[in-house]
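This report is meant to be read alongside the sequence and the model shown below.

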Amino acid sequence: MELYNGRPENTEGRLPREVRTYDLLDSLGIEYKRTDHEHTDTMEACNEIDAILEVTICKNLFLCNRQKTAFYLLMMPGGKKFKTKELSAQIGSSRLSFADPEDMLKHLDIEPGSVSIMGLMNDKEHAVQLLIDEDVLKDEYLGCHPCVNTSSLKMRTKDVIDKFLPAVGHDYRTVHLVGED
């Protein structure tokens with residue numbers, strides 16, 4: 001795997017959702033490093049990518065309430081365990097579960113294994129609330145997928161918070177996750 005500055009020179013064969021991600025980041029003046037790789041469906045598969053990018057790729061979980069009336073994108077450190085009860089208490093939503101792939105595609109234009117904060121650019125109805133674990137905000141850089149799990153990006157956390165989120169009309173809520181029983 002190699003590390004590149006910015007978008008691929010040739011976008012032929014890449015999905016439109018990935019190219020739209022690069023277009024938006026470039027239009028916002030957000031600098032990013034990129035590496036291309038095989039499909040990554042697990043956090044374990046991201047460890048090698050972390051080493052190339054010199055960043056910890058966030059664990060991104062797409063969640064919903066039981067009635068499927070509230071959707072959440074949770075960003076947390078990859079090494080932290082997710083405990084539903086711990087998050088539910090903080091956001092006042094009981095019975096959280098993983099949202100269906102159909103809802104993920106509908107709201108974020110992302111498929112399972114590719115969940116990323118970048119998908120919020122596709123949430124035109126603002127149906128998804130972004131939740132960020134406080135530890136993610138402490139890091140200078142964050143790693144994420146550009147809406148596909150065959151590339152990974154490294155960018156400044158500050159740029160994502162101060163430039164990307166306002167541009168896509170999303171705010172976030174900070175949560176404190178310990179990951180213990």
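## Leu165 and its surroundings

Leaving aside neighbours within four places in sequence, Leu165 is in contact with Ile117, Leu120, Leu130, Val160, His170 and Tyr172. The model in which these contacts are found is a predicted one. Leu165 belongs to helix H6, and with a relative accessibility of 1% the residue counts as buried.

After H6 comes Gly169, which has a positive phi, near 70°.

In soluble globular proteins, nonpolar side chains tend to be buried together. Here the largest nonpolar core has 34 residues, and those with the most contacts inside it are Ile117, Leu120, Met155 and Phe164. Two or more residues each are contributed by helix H1 (16–27), strand E3 (59–64), strand E4 (71–76), helix H4 (101–108), strand E6 (128–133), strand E7 (141–144), strand E8 (151–156) and helix H6 (157–167). Of these, H6 gives the largest share, four residues. Apart from this core lies another, of 13 residues, which include Leu61, Leu74, Phe82 and Leu87.

Ile117 illustrates how parts of the chain that are separated in sequence meet: not counting residues up to four places away in sequence, Ile117 touches Asn60, Leu73, Met75, Leu130, Cys144, Val160, Phe164 and Leu165.

## Helix H3

Helix H3 spans residues 84–91, and within this helix Glu86, Leu87, Ser88 and Ile91 are buried. The buried residues of H3 pack against E3, E4, E6 and strand E9 (172–175). Just after H3, Gly92 adopts a positive phi of about 70°.

Cys147 is itself in a loop, the one between E7 and E8, and is buried, with a relative accessible area of 1%. The phi of Cys147 is near 70°, a positive value in a residue other than glycine. Glu54 also has a positive phi without being glycine, in this case near 55°. Glu54 lies in the loop between helix H2 (43–53) and E3, and at 64% relative accessibility counts as exposed.

Asp26, by comparison, is a helical residue, located in H1, and at 36% relative accessibility counts as partly exposed. Leaving aside neighbours within four places in sequence, Asp26 is in contact with Arg7 and Tyr32. Asp26 and Ala51 are 25 residues apart in sequence, and their C-alpha atoms are 24 Å apart in space.

## Cysteines and disulfides

A disulfide is a covalent bond between the sulfur atoms of two cysteines. For a pair to be counted here, the two sulfur atoms must be within 2.5 Å, and by this rule the model has zero disulfides. The sulfur of Cys64 is 20 Å from the closest cysteine sulfur, that of Cys147, and therefore too far for a bond. For Cys144 the closest cysteine sulfur is in Cys58, at 7.5 Å, which is also too far for a bond.

Cys64 is buried, with a relative accessible area of 2%. Cys144, at 1% relative accessibility, counts as buried as well.

## The second largest pocket

The second largest pocket has a volume of about 200 Å³. It is lined by 15 residues, of which Leu15, His39, Val148, Asn149 and Thr150 are the closest to its centre. Sorted by class, this lining comprises four nonpolar, six polar and five charged residues.

Methods: Residues are numbered from 1 along each chain as its sequence is written. This is a predicted model: local features need pLDDT of at least 70, side-chain atom pairs count only at pLDDT 80 or more; totals for chains, interfaces and linings use all residues. Side-chain values use heavy atoms; hydrogens and water are left out. Buried means under 20% relative accessible area, exposed over 50%, partly exposed in between (1.4 Å probe, protein chains only). A nonpolar core is a set of buried Ala, Val, Leu, Ile, Met, Phe, Trp, Tyr and Cys residues joined through side-chain atoms within 4.5 Å. Contact means heavy atoms within 4.5 Å. On a 1 Å grid over the protein atoms alone, a cavity is a set of points where a 1.4 Å probe fits but cannot get out, and a pocket is an open set with protein on both sides within 12 Å along at least five of seven lines; lining residues have an atom within 4 Å of a point. Grid points are joined across faces, edges and corners, and a volume is the space filled by probe spheres set on the points. Ala, Val, Leu, Ile, Met, Phe, Trp, Tyr, Cys and Pro count as nonpolar, Asp, Glu, Lys and Arg as charged, and the others, Gly among them, as polar.
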